[in-house]
Every structure is written in structure tokens, then in C-alpha cells.
Amino acid sequence: MRHSLLICIFVLLSFSLLLPAYGKGKIPAPENGVLDLRAWNFPNDGPVPLAGRWKFYWQTHLAPENTGAGIPPSSLIRVPGAWNSLKIREKKIPGQGFATYVLRIRLPAASQNLGFKFLDMATAFRVYVNGKKLFSSGRPGKTGQDTIPGYKPAVIPIPEDELLAQTEILVHVSNFHHWQGGMWEMITIGDINDLNRIREAKLFRNAVLSGSIFVMGIYHLFLYRFRPRDRSPLYFGLFCLMVAIRPLTHGERYLLDLLPDMIPFTSFLRLNYIAFYFCVPLFAHYTLTLFPGQVSKKIVNGITAAGCLAAAATLMLPSRIFTVFMPYLQAGTLIAVGYGAICLIQALKAKKKDAGIFITGFLLFALTILNDVLYTRQIVNTGHIVPLGLFIFILCQAVLLSKRFSRAFAMATQHRRELEKEMIHRRRIESNLAESEFRFRQMADFLPVPLCETDRGLNIVYANRAALEWLGYSEDEMSTGMPLSTLFLTPHPEYFDLSASKLPEHREISLIRKDGNLVWAMVETSKILVKGKIHGLRICFVDLAERKKAEAASLYAAEQTKYALVGQVAGKMAHDFNNILGAIMGNTELSLLECKDRETEENLNIILEQTKRGHLLTQNLVAFARDQDPQPGCFNLNRRIELVISMLQNDLDNIKVVTTFDESLPDMLADEGMIEQSLVNTIQNAVHAMSLTLDPGLKIATRRNQGMIEIVISDNGCGIPEISHGDIYTPSFTLKGSKDIAGVYASGIKGTGYGLANVKKYVDKHSGQISFTSTPNKGTTFIISFPITEAASCPGGAKDAAQDPVGVTGKQILVVEDEAAISTVFQKILTHPPFANSVIVADTGKAAMDRFDATKFDLISLDYMLPGKTNGLDVYHYIRKKNKVIPIVFVSGNMEFIASIQQMLQNDPFLAHLSKPCDNATYATAIENWLTRG
């Protein structure tokens, strides 16, 4: 009975708010472009909507003074309505274009105090009364560029001198920004005071509706905030916020009065459309949360996807395109509403709680949605009433919520009574449990295995003596609620889930002792059950320290095997890359010989320098990947450090770097790749240590000290804990990533544990020394020392270069090279001044042996890596069987070959080796030296 009364009140309220606001009795309507109001009394009868048939001039903005010139209209058109698909000369006209509407009104004698009430048209219009401009919204034009769209509902008085017996209204309308064009809203004529009252009443109603719906939306969002598990208030609250926008953006468009000239037309239109597109998905999700068994989740997801796609298109596409989707979305909305009604009827039949109240409000709300869609399509002439329907629906939700809260209160009262009974029962259980616990702990203290117990909150409430000694805590610390998570480096909720039917067995977990040291343990857990109820966990630990050491040793051996394999691959890659670098270097040097343009010469020098840099990187790659002996070369240490700083510029971008170099240092005789990699690893460790330092600073210095060259690298970072000083050179040891217990490194920084181990290895291979000092939170200083090179061991240092060749002519030379670009360079060097020799090129091993048999040569230039089954070493042995004294110069950067040729060089006095890539001068000088020997 109460529900029926409530429904009647809602229906009466709905119809009372929808009563027409216009005249009494039969209202005259325009016919053939003429409206006769001579018998109409505006003060008594009220305003008159100019709804009827107007004269229509398509693609014409008729000049106000030409309306009486006898120009025939294109057609008659019904107002309000769209001009889309109106046929003119048997041809439908499109939505975009411009036109003129004309209506002649015959007013009563002595009419005064009249005005027009305008809403909006699609999408810009200008109104003339008796040839004089009265009002405009936007700027109508004849093209999209000339037209400025705009919405501006208003009440405009008609000047007294224009209130003639024959009053003519001329309206220019332009639409280039919407799929639907024309006078889709009616113009109303009436007493100016009546029109203002009508407008103000509608503005007031829309403001009240919008504010009420908005408040209800916020209210439901707060309900969700306090009960996040129930998502129905979230969806309904967001739905209310979306619908609260519609009273402000439809009809009188109150939002434009609140924010005049502040919202562009397209933005206003997008806001209007997107609010509609989000309403249906949000309401569908709300219905799904209330009646999950009756509403299909797939259909709701489909509705959501359609709404999101339409909203995305509205944001990205121009208005003349995205407005085309609205009719289809409106049709889809009606289908969705119909589907929702069917689901709710099924819920009502299934006797779901509160389904009756919900469906009452929903059906009334659905009727208003149907009205709005039909009104937008100009099928009915009622106005936008969805906000009113939602308001009625919200009132139904208030009744529904009050019933739910009432049930919840009754349920809470019942639970309180049950809880009181449970407390009495629990006290009895606790008394028995205390006695059994005392006996258990007496036995557990004698066990040699660490053991502890937790409560339901996973707080430690007991630990036996073995656990206290192993973990380093006191009995007070481990029996007064210390969180179990304190012992673990990373959380493992899945291992200690009391709600799980079965806990995992034999888990290996890293633990943290009180002194900060890490230890691996096998963890076994079981639930503590008292009369079938879980009271906590019982945990047993087994120390795995010795086993982990054995695993680490095995892993290190596997890593070394992997690096050996990487070294083999790197050696093969180095050969191909060195060939590429050799071709670039050779052709660059040849170009430099003929270059006369200074800018081009500078560019070629840059290319040459970077080619040499690429060669060094290739050497570094192989040196890093393979545990090989140093390949010493002379270089300037200070310049090498500058190069490393340049390489790490991105990492050092926000760090203040200060360098202090001793420029009197002699050149070093060492493996450049190993030294460079040592510098890179040490500096990167310093950068990582300063990742959370507010003002990071790095100092790098070189100096002499007691017959040694020292490199000093200092940072002001987090430092190294004293307990870890003896482990930093141990392979796989790291304090970063998951081992960062103190949280002194930025998130994302990880370590392999091999950086400083490799630095120590490289320093030892050069008979050097490495040491460090460190203070937590203040910084670390590393000192790397190398013996000073004797002058005789490094003549001229890194500054030595190949001497310019004098030139040898008239010799026969065989160049064996599979890279055409390199063989072309060698051929040019040996055949052009200062040389003038005859050069024959072979690109395979077999071709080289055939050429050797056919021609007598003075020298062989030979590459090791050749295509096919015959390599350079096979060619060498073939030649040596026939000629023991012909000079053979191997030109190869293959690392395996370089390691094996050393013994050959000692046994063959007519054998030489040049490492690829080599510069042209070095190659020419080497060839000249062999050709000029006696």
C-alpha cells in the first residue's frame, strides 16, 4: 500500500512539472509562412510558440530588405525540426549548409511589451524583425570558415516601433558543426514579463534538479568511501554526477549563464555528449552490482566499451563528425533500457530483495529517457526531462537504502548478542589453552631446532631457546608481539595465509637476523588449531647456510662457463666488426690524402677517430667476455679517464664531477680494455651509491706514489657497511636490489655482484693493488694502483705513430682478403704513390693458392678469416711448403688467431702480423719494411 501511494505521488509530481507553460485553449500555428494572432490576447492568453510551417530558402541568406521582393521560397518547412532530408526539387538536402527562415505574423492592434524567447538552433543564427537585426547566436556564414557556432538562450524584447500589424521575422541559420541542421527549437512570442517568468522558472527548476542530483552523487561516493567493498554506491554516485550535468547543458543551458563566454562551443558540445555516453555504462554497472545473477556481465562490458569508444571519438573528432554517432547511441540506449527492464522484471519474479522499489523508479526513469530520445529526434515536443526522472529514481533509492540500513541495524544487533555468547565460550577455551600451552613450551625449549609461534595477526608470541640464539633476539623481543615480517627480507603472504586450505611445504626463504646479516632457511609451517578454530601459526626453521655456499660456488662456475661461451661468440663477432671498421678507416684515410676542404677534413678526422674508438670497444668486448691475459699497449691514463667520463655522461648528468690529474704521469703499458672496464665499474658503483644523495659529488684524481700510478675515486654516497667490507670482491656478492636491507639505494638499482670482482681480477693481472675506505652515509674512496712503466718498455708512449713510408715500386704483391672494401683500400695503397707495385687480389683461400701457383710474388698480405672451408692459416701452410722465405703479413683482428700466432711468429722469421683494423700508414710501413729487406 505504501509503495502504491509513493508511486502515485511520483507520477503526479512528474506530470505537474511537465504541464505546458504556454497559452490557454487552442494555440494558432503558422501555415504557409503566415501566423494570424489578431484574435490573440497576450496578457490573458499567454505566450504563443511559433511552431508550424515557415517559408524556407535553402543555401541562401536572404537580405532583410528583399523578403518582399517576390522571391519564391525553396520549400515550406515545419518548425521546430531539422532540415535534414527535406526534399527540394526531388533531392534531399544534407545536414550541413545554410538557409533562411521567414514567418509573417499578424499581430493584434496596439500590441505592446512583446518579446521573443529563443533557445538555440543548429548551430548559429541571426534574427531580423521587419528588416532590422534583433538578436544573434554565434555568427552564421555561408562556409564553415565564416561560421562561428554558438548557443545563447535568451528572452529579447521587440522594439515598440517594430510591433506592426504585419510583422515579419527573418532568421539566417548556418550549420557546419553538427550532423543535424535547422531550427530544432521553437521560438516563442509573448508578453516580455511572461517569457522572463517562464525562463526563470525553467532555470530554477534545472538548477534545483542539478544541485539535488549532484548532492546525491557526492553522498553515494562518500558511502563507497566508507564501504569500498560494495561498489554500487560508486557507480550510482558517478552516474548522478554525469546526469547532474544535463540540466545545466540542455534547454535553457544554465551553464552558459553561469560561465558566460568562457566555454567554447565545441567544448560545451563535447561535455554534453560525453556526459550522456558515460551515463549508460555507469548505470549498467550499478544495476549489475545490485542484481548480479540477473544482468549479464558480458552485455554490461559491451555497453561500457561502446560508451568509452563514443567518448573517445567525441574527444578526438570534430563536432560535425562525432555528432553523427548520437542517433545510433540513442537507439542503443533504448535497447539497453529495454534489456534492463527485462532483467529487473526477472529479478522481481525471482523475489530479489528491494527489486520492487528499484523497478518502480527504474521504469519511471526509463520513460523519461524514452521521452528525451524522442524529443531530440523531434518526434515529441515535451522537453528534456531525464534529470526529473533521475530525481524520482533517486527518491526510490533513498527508500531502498533506508530499508537496507534498517536490515543492517537488525543484523548488527543479532551479531552483538551472538558475540556475547561467543566471548563466554572463548573464556572457557582460553583457560584450557593456557594450561596446554605451558606444557608445550616446556617441551619446545629443549628442542635444538629454532621454533616460534604467532597469533592470528602473524605477530610472534613465542620463540624457543634455539630460535632466540639463532636469530639474536631476546625473549622479551620475540614473545611480546614482534611482527613475523620483521624476520623476512621480502613479504611472503602466500606462505602464511591462515585462510588457505593447505600451506605450502619446504619453503626456502631469506631471513634477517637482529645484527642485519642474511641467512637462508628452510621454513615449515602449520596452523595452530583449537577445537577446529585457527589461532595462529607454528613455524620451524632449518639453517641452509652451508648448502647456499655450495650452490653459490656452483653458480659461479656456471657463470664462468657462460662467459667462456660468450667470449667465443664475441671473438667471431669482433672479426666481422673489425672488417667493417677496417674498410671505413682505410677509405677515410685515403680520402684525407686528397681532401682540400677544411670542414670536410675535420669531418673525416672525426670519422677516423670514432673508427679507432670502435676498434677499442671491440677489444673491450672480447676482454670483458673472456678471461684472457692482458694485451698491453701504451696510452695516457688521464685521457683514458676523460674518455670514460664522457662515455658515462648520461649517468653523471646530475652529479658534480671534479677531476685532478697529474699531467707529469708517464704513459701506461697495460691492456686498455681492462683498465677502461675497471674505471667504468668503479665509477658506476659510485653513481649507484649516490642515487639518494641530495647533493651528489664525485672526485677523480691521478698521482704518483712510491713508484706507482694511483687512481683515486671518491663519492659522498651511502657507503659500505663495515660488516660487508670483506665480501665486496666476492663474485655474486651485492648490497643492491633485494639485498638493500637499509634502503640506501634508489628503487630500480640492481647489482650482479661481479663488478668489483672483475675490477680486482683486472688489477691483479697488471700486478696492481686496490684498496678502499668507507663510512656509512658519508661516502667511499677507492684507490687503484699500477706499477710505473719503464721508459724502455714503452718508447715514445702512446704518442708514437707509424712513420710515413718512402715507397717501394715494381714489386708483385698478392692481397688475400674477403672484404672487397678492405682489399680495394690495400690495392690503392700499394699501387699509388709513393708505391707503384702490381697487386693481385684473391677473395678465397682456393683462389689465393691458385694465384700463388700461377705467379711469382714478392710478398703475401693475408687475412685469417676467409669464406669456404679454406682459411688464411691453410693458405699460409700451403705457401710455406713451396716457399720458406717469401714475406707473409697476416692482417687479422680475430682474437683466437691472435692468441695462436705468437708461437708462429717465433718460429717463422718471415712472418708478421697486423691487427685489424689498422690505419693505412701502419699497413704501408709494414709492407715497405718487408719489401726493402735484403
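Predicted model: local features only at pLDDT ≥ 70, side-chain atom pairs only at ≥ 80, totals over all residues.
Let me begin with the aromatic rings, of which this structure holds 23 pairs, where a pair means rings of Phe, Tyr or Trp (its six-membered ring) with centres within 6.5 Å, called stacked if the planes are under 30 degrees apart, edge-to-face if over 60, and tilted for the rest. One of them joins Trp-58 and Trp-83, whose ring centres lie 5.2 Å apart with the planes at 75 degrees, so this pair is edge-to-face. Trp-58 belongs to strand β3 (residues 52–58) while Trp-83 sits in the loop between β4 (75–79) and β5 (87–88), so the pair ties together parts that are 25 residues apart in sequence. Both Trp-58 and Trp-83 are buried, and by that I mean under 20% relative accessible area, with exposed being over 50% and partly exposed in between, for a 1.4 Å probe and protein chains only.

Residues are numbered from 1 along each chain as its sequence is written, and side-chain values use heavy atoms, with hydrogens and water left out.

Turning to charges and rings, the charged end of Arg-253 sits over the ring of Tyr-151, at 4.0 Å from its centre, the criterion being NZ of Lys or CZ of Arg within 6 Å of the ring centre and within 35 degrees of the ring normal. Arg-640, in turn, lies over the face of Phe-635, 5.8 Å from the centre of that ring.

Is Met-482 buried or exposed? Met-482 is buried, at a relative accessible area of 10%. Setting aside neighbours within four places in sequence, Met-482 is in contact, that is, with heavy atoms within 4.5 Å, with residues including Asn-459, Tyr-473 and Leu-487.

As for the chain as a whole, its secondary structure comes to 23 helices and 31 strands, and 46% of its 934 residues count as buried.

Technical notes
Helix = DSSP H or I, 4+ residues; strand = E, 2+ residues; numbered from the N terminus.
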